[in-house]
Amino acid sequence: MKNQIQKILMSTLIVFSFVLYSCDEDAILKEVPLDFASPENSFITVDDFNAAVYTMYDVARVMLCASEHRPLDYIFGTDLGYNGAQQLNARFGSYLATLTPQSEQASYHWEQYFKIISTSNIILNRIADSEMTADEKLVVEAQAKLFRGFSYRNLAHLYGGVPIVIEEIGSPKTDFTRSSREETYQQAASDLEFAAQNLPGITEVRDGEINNLAAYHMLAEVYVSLERWTDAIDAASAVINDPNTSLMTERFGSRKNEPGDVYWDLFRRYNQNRGAGNTEGIWVWQQEVDVPGGVLESGSKQGCQLERDCSPRPWSFKYKDPSGVSPFLSLAVSDYTGGRGIGRFRGTDHFTYGIWQGTNWDDMRNSEYNFVRDVAFNNPASEWYGQKISDHMDLFRQTNDDTIRFFYPYPSKVTTPGNHPPELYVDPELKTLNASTAGATYTDQYHIRLAETYLLRAEAYLGSADPAKAADDINVVRSRANATPVTTDEVNIDYILDERMRELGVEERRRLTLNRLGLLYDRTNKYCNGNPVAANFGVDVQTYHNLFPIPYSEIESNTTGVLEQNPGY
């Protein structure tokens, strides 16, 4: 990825990933090459600028969605779930082992966000001298500022205050200092305000393109972080009240005639975009199979890997029926058993059971289609074929792995039962899948969905001491799920976080939410460490983990300035 950015920008990124080397213009003749790409001629036409914008899309998509490891940093080791594979030095199996100033978790996200910021600054610095029309310049500026505001927002969530750089840097710089977290949020707000006012509307862009409503949603979240409650309500209302958005309440899309419900339809292949009639998606990461730039490759572990990590692996059970035949096929199957899951992400008991207790058990989001709690045996050679695990519960509950990795309740949105790409099938009739390369989630992925905007506005109403209106917004979301309405006196931040779990689950970059609220430790300690099994798996979160550490490499490289480390590291 670093080489790709270097090629597009014709620059070398160093020191915090946003410092650029450039030629010493006093030492050589000032020439503009005409027959090959150079910094002088790489930003002339709108196509040149779009190429740089597309790079920011790609960096953000890979970091947050479309790769095997780093997107999962946002859900592992939270109140959603833990690393059931006992990998203490990976995937937040142990915070003390995996979240240090030297760890990849700390450095990777810092570097990627500053790559986006660097690209944004280059674009903004070179717009004036381009050959674009005034309208083209305005849209490109708005796109660049959205990505820069998005990056500073997420950096503030994860690290607190960071260096604020809003100009292109053309020579080495080693004297960076951290701004405060509030100043970082203010920079994000400034950028997102411009983007919200100048980006095209959601009906004026192609599927997957950023638009003014995506900017308003992110701006609302930044205002919440700044406790600017009225501004947050207004920004979220701009999204909710737009005539082109609404929650999906009727069956729709590619599999609407099959057993299921409208919530299930939201996550089927080809259903995430406006082109499919979906008025709920605000910003959707695009993924295509075996298409250059599509990130999903049928023979590799690229693309969104939620299925691989979050789905169970019942094909690993060693138990057999009375005739000595395994009731599960030995290969993964494109059915509700979890596709090509490997059972690494085990949901906490709170995510799996706690939030569904009482009247929530009949919530649509907990239906048999959306939260899979029992599966049928799929080996036609077994005398138990068609029976379920629940029919033989004692047999399949003998070891920790039986319930931590081999089968556990999981949200079906992470997989595509019966709908994997046909080239991945070993046996098309049985729908058995390739052993190790079929673990992607073969759908486009929501980055922002309107249901979240309602819950974000509810948070703003709660902050402004108006729990009644907060309850109203929560109940819009709960009504679609046929859930019992929440009462005003039930609404607090923990209820909203639980409702986000019910509605978004692993679709949400949960760590960003918990970090911005300062509740990562409280919620993870309560719902992970509070579970004796999870505690044995090393989820040793500490209070200082509410923020990531500043990468040691950045502190060390900043030789003439001081980048203070976050407390505890």
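## A buried glutamate and its partner

E221 is buried, with a relative accessible area of 6% (buried means under 20% relative accessible area, exposed over 50% and partly exposed in between, using a 1.4 Å probe and protein chains only). This is a predicted model, in which local features need pLDDT of at least 70, side-chain atom pairs count only at pLDDT 80 or more, and totals for chains, interfaces and linings use all residues. Residues are numbered from 1 along each chain as its sequence is written, and side-chain values use heavy atoms, with hydrogens and water left out.

What does E221 form with R153? The two form a salt bridge, with the closest N and O atoms 3.1 Å apart; the term stands for a side-chain nitrogen of Lys or Arg within 4 Å of a carboxyl oxygen of Asp or Glu. E221 lies in helix α7 (residues 212-225) and R153 in helix α5, so the pair ties together parts that are 68 residues apart in sequence. Helices here are DSSP runs (H or I, at least four residues), numbered from the N terminus. R153 is buried too, at a relative accessible area of 5%.

R126 is buried, with a relative accessible area of 17%.

Further along, the side chains of D473 and R457 meet in a salt bridge of 2.6 Å, N to O. D473 is in helix α14 (residues 467-480) and R457 in helix α13 (residues 450-463), 16 residues apart. Both count as buried: D473 at 4% relative accessibility and R457 at 10%. Elsewhere, salt bridges that share partners join E280, D363, R365, K413, R449, R478, R480, E499, R502, E503 and E507 into one network.

## How α13 and α14 pack

Now to the two helices themselves. α13 and α14 pack at an angle of about 165°, with their axes 7 Å apart. They are therefore roughly antiparallel to each other (angles over 145 degrees count as such).

Which residues of α13 meet α14? They are A451, Y454, L455, R457, A458, Y461 and L462, and their partners in α14 include P467, D473 and R480, where contact means heavy atoms within 4.5 Å.

Technical notes: Axes fitted to C-alpha atoms, helices over the stretch in contact; angles between N-to-C directions. Parallel < 35°, antiparallel > 145°, perpendicular 65-115°, else oblique.
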